[in-house]
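Welcome, and thanks for taking a look at this one with us. Here is a short briefing to read alongside the model.

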Amino acid sequence: MDDKTGDKEGITRRGFLGMASLWAVILSSLTLLAGIFRMSKADVYYEKSRRFKIGRPENFPVGTVKKLDDKRVFIFSDNDGLYAVSSVCTHLGCIVNAVDWGFQCPCHGSKFNRDGRVISGPAPRNLPWFKISRHVDGSLVVDAGREIRTGTKFRV
Ligand code: FES
């Protein structure tokens, strides 16, 4: 049996299969190397910092509540200090409103007391409190990525 394709100037079947095999080995080796290179890099996604400044302590006189809509947090100030409570409902993420007795969610009616503890659902968890600290320039910093125990206040 003749393994030529019939064209004397063309490539032979054996030659074609040899080239195809060579390219298959080259491509699979490159794919393997790319996979090894990709595996050597960790899948780490850096989250944007959730710390933000809220101004100087003088901006929060005792007895006041400020809702920072863009930061989704309430800042309370009482005789024991300052504290930051999330305004994001723990049910489906609506923004709660401050009312006389605590917080109420406008979406599905969850109620939270003044400390952010759930009074009635469907919210499954209390509103988290966030850590407050002081920056070197004297302003206050809220870290919305760091929950603290309910009732922990920052003494000014
Ligand atoms: S989102 Fe608040 S109760 Fe559903």
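Which side chain meets that of Asp69 in a salt bridge? The partner is Lys67, with N and O 3.8 Å apart. Please keep in mind that this is a predicted model. The notes below start with the overall layout and then turn to the sheet, the rings and the charges.

**Domains**
- The domain assignment divides the protein chain into domain 1, covering 1-45, and domain 2, covering 51-148.
- Taken over C-alpha atoms, the centres of domain 1 and domain 2 are separated by 61 Å.

**The sheet**
- Six strands form an open sheet in the order E1-E10-E9-E4-E3-E2, and their pairing is antiparallel.
- At the edges sit strand E1 (51-55) and E2, each of which pairs on one side only.
- From one strand to the next, the twist averages 30 degrees.
- Strands of a sheet pair through backbone hydrogen bonds, in either a parallel or an antiparallel way.
- Strand E4 (residues 81-86) and strand E9 (residues 129-134) run antiparallel and are joined by two bridges.
- Ala84 has Phe130 of E9 standing opposite.

**A loop residue with positive phi**
- The loop between strand E2 (65-68) and strand E3 (73-78) contains Arg72.
- Arg72 is not a glycine, yet its phi is positive, near 60 degrees.
- With a relative accessible area of 46%, Arg72 is partly exposed.

**Aromatic rings**
- Five aromatic pairs turn up in a search of the whole structure.
- Phe76 and Tyr83 make a stacked pair, because their planes are at 5 degrees, with the ring centres 5.0 Å apart.
- Both partners are buried: Phe76 has a relative accessibility of 12%, and Tyr83 has 9%.
- Phe76 also pairs with Phe103, and here the planes are at 90 degrees with the centres 5.9 Å apart, so this pair is edge-to-face.
- Because Phe76 lies in strand E3 and Phe103 in strand E6 (residues 102-104), their pair ties together parts that are 27 residues apart in sequence.
- Phe103 is buried, and its relative accessible area is 0%.
- Ring pairs link Phe76, Tyr83 and Phe103 with Phe74 and Trp129 into a cluster.

**A charge over a ring**
- Lys66 lies over the face of Phe60, and the distance to the ring centre is 5.0 Å.

**Salt bridges**
- The whole structure holds five salt bridges, according to the search.
- In the pair from the opening question, Asp69 is exposed at 55% relative accessible area, whereas Lys67 is partly exposed at 33%.
- Another salt bridge brings together the side chains of Arg56 and Glu58, at 3.2 Å from N to O.
- Of these two, Arg56 is partly exposed at 39% relative accessibility, while Glu58 is exposed with a relative accessible area of 56%.
- Asp78 and Lys153 form a salt bridge in which the closest N and O atoms are 2.5 Å apart.
- A network of salt bridges links Asp78 and Lys153 with Asp80.

How values were computed. Residues numbered from 1 in each chain as written. Predicted model: local features only at pLDDT ≥ 70, side-chain atom pairs only at ≥ 80, totals over all residues. Heavy atoms only, no water. Helix = DSSP H or I, 4+ residues; strand = E, 2+ residues; numbered from the N terminus. Buried < 20%, exposed > 50% of the residue type's maximum accessible area, 1.4 Å probe, protein only. Domains from an automatic or database assignment. Pairing = 2+ DSSP bridges. Axes fitted to C-alpha atoms, helices over the stretch in contact; angles between N-to-C directions. Phe/Tyr/Trp six-rings, centres within 6.5 Å; stacked < 30°, edge-to-face > 60°. Lys NZ or Arg CZ within 6 Å of the ring centre and 35° of its normal. Salt bridge = Lys/Arg side-chain N within 4 Å of Asp/Glu carboxyl O.
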